[in-house]
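This briefing is for a reader meeting the structure for the first time. It takes up a sheet, a nonpolar core and a set of salt bridges in turn.

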Amino acid sequence: MKFDTVIIGGGLSGLISGIYLSQHGQRCVIVSSGQSALHFSSGSFDLLNRLPDGETVNQPVTAIDKLLEQAPTHPYAKLGKEKFEVLARQAEQFFRNVDIPVYGDAEKNHYRITPMGMMRPTWLTATDFAISYEEHQLPWKKVALVNVAGFLDFYPAFLVDEFRKMGTVCEIRTFDLPKLGKRRQNPTELRSIHVARILDKMSNRNLLIASLREMSEGCDAIILPACIGLEQKDIVPFLAEKVEKPVLLLPTLPPSTVGIRIQRSLHRSFLNLGGTYMLGDNIQSGSLKEGKIREVYSQNHQDISLSGKNFILATGNYFSQGIIASKDKIYEPVFDLDVSYASDRQQWYDADLFKKQGYQEFGVATNPDFQGRYKGETIENLYVAGAILEGFNPVHQGCGGGVSLLSALHISNHILNK
């Protein structure tokens, strides 16, 4: 099977690459082993929240100079300041072009509200979600905090305490529907996606609207857990119009309805552009000749190869086994690419769980165009994108989403310009 570009991994980087290349006329295939990390998403994408030395970042574009000095192998350092800013703008427009509306821009971070009510800086957030542009103040004086009866992955009491500290009064309300009763008989069947499948139905909307209108009297806004809008992406603005007050969401524990919705939307866009998506398959090996990958072989297709002019490795990190840690080494399992990691295992981790963990910065070594290396030699047509890359700590620096988006777009631009 022949393609222009073979993409290994169906997460954020893989889908962005596939869509962008397909939009520009390439024939692409995505090979995905299963669920992507988007299913655990908060609805936000971070660009840069903190420098390696711990300094807080409010303006990512302004702070990039310091990042380049402190972390020369960071993916953003390989891009450089000018490309970093251009690609950030391109990413913002990309989401809007595929009908995924978001708040935010690279000039200044805004603040998302965590499931526990804390404020965390971020770059882009799905427009249904509650955000603030001030770290210690919310944009409402009084809100109705509405939970679904029996839904355990939402913590109104914690939210009330944190909101009060920021000057916002919360009134906790509980909403119920007869059809939720059967789900509630088994607590494991009342996760966010189960609730969303019920609340999204047109037949339940009138009751939902009437209940929200009644519970929000005297309040500036209605805040719900993100257990709505799994299939119907316009349901939240629809409810706000009918209730005549802002209706906003807060993230819950996974699975994430907004993450699944974004993943499905990107997947649908890729297919609509003529892309081929192979779900439930793994690339197990590839043929390297004269500095290029010629074809790859998957578990399901065995001796039927997938050939391409270019290949993108976007298999994620440890979570999805894009890289694997054994007792004495960290390695990349598909092509055995060069991986950057500390030879002293004691540097892999810190016993204090809340400190920076060394292993989080380990990843596949690349050149500035994110081309992978095998035994020190660059592979001309193999690119590496997203969480598998070396040189950044997505948790400590708050840059995971940005690295995935910007590396995918840079690689796609590079392929198209070859």
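Predicted model: local features only at pLDDT ≥ 70, side-chain atom pairs only at ≥ 80, totals over all residues.

**Sheet pairing**
- Strand 4 and strand 7 (residues 124-126) run antiparallel and are joined by two bridges.
- Y103 has T125, in strand 7, as its bridge partner.

**Nonpolar core**
- The largest nonpolar core holds 127 residues, and those with the most contacts inside it are Y76, W123, F163, L266 and L406.
- Helix 12 (residues 400-417) supplies the largest share of this core, namely seven residues.
- Leaving aside residues up to four places away in sequence, L406 touches several others, among them L47, Y76, F84 and W123.

**Salt bridges**
- The whole structure contains 18 salt bridges.
- E85 and R89, which lie four residues apart in helix 4 (residues 81-97), form a salt bridge at 4.0 Å, N to O.
- R89 also forms a salt bridge with E107, with the closest N and O atoms 2.6 Å apart, and this pair links helix 4 to the loop between strand 4 and strand 5 (110-113).
- D153 and R191 meet in a salt bridge of 2.7 Å, N to O; because D153 lies in the loop between strand 9 (142-148) and helix 5 (156-165) and R191 in the loop between helix 6 (180-184) and helix 7 (192-199), the pair ties together parts 38 residues apart in sequence.
- D153 counts as buried at 8% relative accessibility, whereas R191 counts as partly exposed at 22%.

Conventions. Residues numbered from 1 in each chain as written. Heavy atoms only, no water. Pairing = 2+ DSSP bridges. Core = buried A, V, L, I, M, F, W, Y, C linked by side-chain atoms within 4.5 Å. Buried < 20%, exposed > 50% of the residue type's maximum accessible area, 1.4 Å probe, protein only. Contact = heavy atoms within 4.5 Å. Salt bridge = Lys/Arg side-chain N within 4 Å of Asp/Glu carboxyl O.
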